[in-house]
Amino acid sequence: MADLASRITKPDGSAADNTPVAAASPMEASANTAADAAVSSEAQLDSADAGGPGLLEPDYDVEVSLSALQENEATPFHSATTWEDLNLKPELLKGLQALNFLKPSKVQGKSLPLMLSDPPRNMLAQSQSGTGKTAAFVTAILSRVDFSQPDKPQALVLAPSRELARQIEGVIKAIGRFVENLAIAPAVPGALAPGEPVRMPVVVGTPGRVQDIIRRRQLDVSNLKVLVLDEADNMLDQQGLGDQCMRVRTMLPPEIQVLLFSATFPEKVLNYATKFAPDAHSLKLQRSELTVKGISQMFIDCPNNEEKYTILCRLYGLMTIGQSVIFVKTRESANIIEQRMTADGHKVSALHAAFEGAQRDELLAKFRSGENKVLITTNVLARGIDVSSVSMVINYDIPMKGRSDDEPDHETYLHRIGRTGRFGRVGVSISFVSDKKSFQGLNKIASHYGIDLVKLDTEDWDDAEEKVKDVIKKNRAQASYAPSATDSQKQAQAASTS
Ligand SMILES: Nc1ncnc2c1ncn2[C@@H]1O[C@H](COP(=O)(O)OP(=O)(O)OP(=O)(O)O)[C@@H](O)[C@H]1O
């Protein structure tokens, strides 16, 4: 396997440093993706991505078999357990069946018996992006809540963004569609009537808003028995939402069952997580297991910042074969790129936290429905968002962190690229490097995970396009075999836009 560092030179013209970044040959990359491409038409039902229908033009003829993938023990989609083995309430089995979730994935099969055992015990569960963590904790909370007492808030789910909270709400509605008295309070800005007591058994929201409604005594927490933190490492990060989540935690009953889910649990947060959720059952992954095999990770060495924009526009045709998300560092650059691309005749939209809530909901709804195919965004959408027809993710800016933004943000990289390649699908991520800092950042990310990155040569654009198209077509073909959205999906979608 060639060394990427030996294949690109630093922008200053010197040889690349010796940080090991392996580059797979395109053949290796496509062998991976082909193996993981196997996704069945039924399961693509679209496995309730609470995120709208896939593309419907049946252009390509590929063999699709999620069952084959789920039978393969080596994949995160395999579980020795069946839904029936899990002793779920019949209405939940029916809900999962209606979504055509034929078998549990690994994280579902392993975490559910632990989360549902009595007496309840805390849980920390890690699994790759797009492997069904949401359905795992949603099934757990719907099993724990006593729906004969529908006025009492009993389960609280916290997520880092408004969009993710609304998406989770959609998944709860979809899996719980046969549950009598199911009602969900969306605790995100602008969604709850001010001052009105929350009398719903399940509450899903962002930590700031939840803290607010508890303080205002709008939410009675005395009957809460399950607390879920989705994207838990992000939620507990002291640089981020950690303080808010801690404050919420101190307001809740001490004996509440705490469930922490994420694709990443960096060491630094892990210590803190074990305090937040003491004595927890734990499902952890090795660092080398974290990347999703179905995502072909590529990069482009851009001569300078301006060329990044030119190359981005050149990729537009590929971006719109399926759907794409472009990640940039700041809201300002999202706006600028949106305006420039629009002026240059491309149809794109920007979404970030400076937009007002209702507008954010509407923008994401348009993306989920496929009306908008290219979304330019910041890290606000890096985590959790599930739109199965996303076949390309572009890291226009390499994710960085640290006081002066000088350290690569490994976790955000993984979450960003995980917006494609959902539940056994395939996808492409293309990261732009344009200077020493971005080059070294990507280099470090690659060596951190031991991943292979394929260089796209812009000197030979036809070849570069072929490499990308090869992968994207497979994603599209899978989506094209998907039956149209079920009622529950439509319901879910409606929830996220209401
Ligand atoms: N057992 C299943 N069978 C088929 N599809 C499933 C199953 N479980 C979940 N899915 C589908 O897989 C997709 C990804 O699920 P989900 O969003 O829960 O992933 P995740 O692990 O939470 O990802 P992330 O780390 O990005 O948040 C969704 O569209 C979901 O409907």
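Begin with the lining of the largest pocket: by class it has 15 nonpolar, 12 polar and 15 charged residues. Here Ala, Val, Leu, Ile, Met, Phe, Trp, Tyr, Cys and Pro count as nonpolar, Asp, Glu, Lys and Arg as charged, and the others, Gly among them, as polar. This is a predicted model, where local features need pLDDT of at least 70, side-chain atom pairs count only at pLDDT 80 or more, and totals for chains, interfaces and linings use all residues. Residues are numbered from 1 along each chain as its sequence is written, and side-chain values use heavy atoms, with hydrogens and water left out.

Now select Asn234, Asp237, Arg383, Asp409 and Thr412: of the 42 lining residues, these lie nearest the centre of the largest pocket. The space in this pocket is about 1300 Å³. (On a 1 Å grid over the protein atoms alone, a pocket is an open set of points with protein on both sides within 12 Å along at least five of seven lines, a cavity is a set where a 1.4 Å probe fits but cannot get out, and lining residues have an atom within 4 Å of a point. Points are joined across faces, edges and corners, and a volume is the space filled by probe spheres set on them.)

Next stop, the cavity. Select its lining: Val325, Phe367, Leu375, Leu381, Ile385, Val387, Val390 and Arg419. That makes 7 nonpolar, no polar and 1 charged residues.

Time for the sheet. In what order do its strands run? Follow β3-β4-β2-β5-β6-β1-β7, an open sheet of 7 strands with parallel pairing. (Strands are DSSP runs of E, at least two residues, and helices are runs of H or I, at least four, numbered from the N terminus; two strands pair if DSSP finds at least two bridges between them.) At the edges sit β3 (184-187) and β7 (281-283), each pairing on one side only.

Zoom in on β2 (residues 155-158) and β4 (residues 202-205), which pair in the parallel sense over 4 bridges. Ala155 stands opposite Val202 in β4.

Last, colour by pLDDT, the predictor's confidence in each residue, from 0 to 100. The protein's mean is 84, and 82% of its residues reach 70 or more.
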